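Open the model in your viewer and keep the selection tool at hand. This tour goes stop by stop.

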Amino acid sequence: MTDQLKRAIHEAKTAKTTSNPTDKAGASSEEQNFDMSESTYKTTHTAVRKARRFAMQGLYEWLVTDRRFETTDKLGWKDNAPHDIAARTRATNAMHTVHIGYYHEMMRDIPEQIETLDALIEQHLDRKVEQLDTVEHAILLIGAYELQNRLEIPYKVVLDEAMKLNNHFGATDAHKLINAVLDKMAIDLRDLEVQADIKANRRSLQKAAAPAAQPQPQPQTTDETKAVTNADDTSETPATTGKPRISANKAIKRPRANKAQANISDYRASKKASAQGHNEAAATPTPESTAADVGLHDSNLVNSDEKSKD
């Protein structure tokens with residue numbers, strides 16, 4: 001679209017210099033016949049969002065130049081009209097992904113309705129519009145224009161897009177002022193839509209709270225069910241014993257036999273048993289040893305008698 005515009009302007013200029021004065025109107029009308037319908041540019045939500053961004057920049061430029069000169073009675077300094085800003089923006093930027101129609105609409109209608117839109121904004125301010133930051137003023141103008149004139153755009157979308165513009169261009173805490181002003185303005189300009197949204201939210205909250213508020217039905221207890229439940233309870237309860245109850249948190253530590261100590265104790269017991277058996281075998285007399293011992297005792301006795309006789 002930008003190339004077509006440049007080509008048309010160039011051909012119109014060349015036609016003026018080469019053609020006769022009587023043919024200028026016919027030549028310019030024939031050569032500038034290019035399509036400006038909405039089917040030639042993007043109309044998606046992203047394209048509309050980009051149109052808002054370019055419109056905010058264009059309105060900012062207009063507010064600090066021609067609008068400021070107009071409010072200060074310096075009309076002779078005005079040389080930056082909104083349509084010139086739009087043409088310069090289209091010539092210096094890639095606008096093939098922008099909703100050109102909506103961009104031109106905002107750049108045309110907002111400056112024309114500036115007095116009415118400023119009056120709507122000032123109703124919900126604690127200061128004058130002239131004391132607003134220029135970026136905040138431009139964002140509020142776009143929001144007020146959409147709330148008043150573009151009824152097909154939901155008011156929540158208008159507020160959300162204004163917040164995104166502030167996040168991209170505005171100050172850190174400016175969103176509080178913009179949100180408060182546009183929210184109050186939406187109640188005045190879109191009262192039916194706001195009330196319908198409030199009722200819808202209320203119904204959704206009631207539906208969400210209804211299942212939690214309903215009491216659950218309790219089963220009817222009869223004598224048979226009581227007997228069955230008592231039998232189940234007695235069967236499931238463990239019998240009380242004197243053993244300590246083992247739980248997962250406090251486990252009872254049981255002593256475990258050490259294999260090395262068991263081997264040592266077995267070895268000592270076997271050694272002791274073998275030593276006792278050896279002593280008993282040595283203490284029991286054999287027949288030969290008993291006879292020799294008796295003979296020795298007799299000889300000793302005889303020798304002792306003979307010594308006594310001598």
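**Stop 1: Met 185**

Select Met 185 first. Leaving out residues up to four places away in sequence, Met 185 touches Leu 120, Ile 121, His 124, Ala 144, Leu 147 and Arg 190. Bear in mind that this is a predicted model.

**Stop 2: the largest nonpolar core**

Now widen the view. Met 185 is among the residues with the most contacts inside the largest nonpolar core, which has 48 residues. Show the others too: Tyr 103, Met 106, Ile 110, Ile 121, Ile 142 and Leu 182. Which elements give two or more residues to this core? Color helix 3 (45–64), helix 5 (82–92), helix 6 (100–112), helix 7 (114–122), helix 8 (134–149), helix 9 (155–169) and helix 10 (174–189). Helix 8 supplies the largest share, nine residues.

**Stop 3: helix 8 against helix 10**

Two packed helices are described by the angle between their axes and the distance between the axes. Keep helix 8 and helix 10 on screen. Their axes lie 10 Å apart, at an angle of about 20 degrees. Angles under 35 degrees count as roughly parallel, so helix 8 is roughly parallel to helix 10. The crossing is right-handed.

Next, show side chains along the contact:
- From helix 8, select Glu 136, Ile 139, Leu 140, Gly 143, Ala 144, Leu 147 and Gln 148.
- From helix 10, select the residues they meet: Ala 174, Leu 177, Ile 178, Val 181, Leu 182, Met 185, Ala 186 and Leu 189.

**Stop 4: helix 7**

Move to helix 7. Its buried residues are Ile 114, Leu 117, Asp 118, Leu 120 and Ile 121. Look down the axis: they sit on the same side of helix 7, because they cover an arc of only 160 degrees. An α-helix has 3.6 residues a turn, so residues three or four places apart point the same way. What covers the buried residues of helix 7? The cover includes helix 3, helix 4 (66–71), helix 6, helix 8 and helix 10.

**Stop 5: Arg 67**

Stay with helix 4 and pick Arg 67. Is Arg 67 buried or exposed? Its relative accessible area is 11%. Buried means under 20%, so Arg 67 is buried. Beyond its neighbours within four places in sequence, Arg 67 contacts Trp 62, Ile 114, Glu 115 and Asp 118.

**Stop 6: Asp 73**

Finish in the loop between helix 4 and helix 5, at Asp 73. With a relative accessible area of 69%, Asp 73 is exposed. Check its backbone: phi is near 60 degrees, a positive value in a residue other than glycine. Most residues other than glycine have a negative phi.

Methods: Residues numbered from 1 in each chain as written. Predicted model: local features only at pLDDT ≥ 70, side-chain atom pairs only at ≥ 80, totals over all residues. Heavy atoms only, no water. Core = buried A, V, L, I, M, F, W, Y, C linked by side-chain atoms within 4.5 Å. Buried < 20%, exposed > 50% of the residue type's maximum accessible area, 1.4 Å probe, protein only. Helix = DSSP H or I, 4+ residues; strand = E, 2+ residues; numbered from the N terminus. Contact = heavy atoms within 4.5 Å. Arc of directions from axis to C-beta. Axes fitted to C-alpha atoms, helices over the stretch in contact; angles between N-to-C directions. Parallel < 35°, antiparallel > 145°, perpendicular 65-115°, else oblique. Left-handed = near helix turned anticlockwise from the far one by under 90°.
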